[in-house]
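Trainee: Please pick one part of this model and look at it closely. Tell me what surrounds it.

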Amino acid sequence: MNTRPRIPENITPTEYFTHLLKDRVNLSDEPKISSLTAVIRFELTDGGGGTWDVIVEKGLVKDVVRNSKETPTSTLKLSSAVFVDIIKRKVTPQQAFFQRKVDIDGDMFIALKMNILVSFM
């Protein structure tokens, strides 16, 4: 039986996107948002991680691609440090947004669901 991987203390965004995100979401015990099909782009603005597209189909992560040519449904622009704080639950996506640490482009409805999505991440 597969178990959901833990987030190591010194994780980098690149390690998280390439090794953990898909399994952490898909193996989470949390009920999935089955109506969610989207491409959620994370643009890490400080050069510490690049641009990553998380391709979600029916609430499950189908793929995670660096520098893809997909057209994103929503784009979240943030620093690597803020991204790590969000995945480690030190700050919620909404808190980071209202503190002006995250810029959002595209479908705001999807972006506002990030608090729910982060529970899977």
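Mentor: Contact, or touching, means heavy atoms within 4.5 Å. Leucine 21 touches Tyr16, Val54, Val61, Val64 and Met121, leaving aside residues up to four places away in sequence. This is a predicted model, where local features need pLDDT of at least 70, side-chain atom pairs count only at pLDDT 80 or more, and totals for chains, interfaces and linings use all residues. Residues are numbered from 1 along each chain as its sequence is written, and side-chain values use heavy atoms, with hydrogens and water left out.

Let us take α1. Helices (H or I, at least four residues) and strands (E, at least two) are DSSP runs, numbered from the N terminus. α1 has 14 residues. From first C-alpha to last, α1 reaches 18 Å, close to the expected 20 Å; that span is 1.5 Å times one less than the number of residues. α1 has a kink of about 55°, centred on leucine 20. The bend is the angle between axes fitted to the seven residues ending there and the seven starting there.

Now the buried side. Buried means under 20% relative accessible area, exposed over 50%, partly exposed in between (1.4 Å probe, protein chains only). In α1, the buried residues are Pro13, Tyr16, Phe17, Leu20, Leu21, Arg24 and Val25.

Next, the core. A nonpolar core is a set of buried Ala, Val, Leu, Ile, Met, Phe, Trp, Tyr and Cys residues joined through side-chain atoms within 4.5 Å. The largest one has 31 residues; Phe17, Leu21, Phe42, Leu78 and Phe83 have the most contacts inside it. At least two of its residues come from each of α1 (13-26), β1, β2 (50-57), β3, β4, α2 (80-87), β5 and α4 (108-112).

Then the sheet. Two strands pair if DSSP finds at least two bridges between them. Five strands form an open sheet in the order β3-β2-β1-β4-β5, with mixed pairing. β3 and β5 are the edge strands, each pairing on one side only. Neighbouring strands are turned by 20° against each other on average, direction ignored. α1 packs on this sheet and touches β1, β2 and β3. Its direction makes about 170° with that of β3. Axes are lines fitted to C-alpha atoms, for helices over the stretch in contact, and angles run from 0 to 180 degrees between N-to-C directions.

Alanine 38 is in strand β1 (residues 38-44). Alanine 38 is buried, because its relative accessible area is 5%. Arginine 24 is 14 residues from alanine 38 in sequence, and 18 Å away C-alpha to C-alpha.
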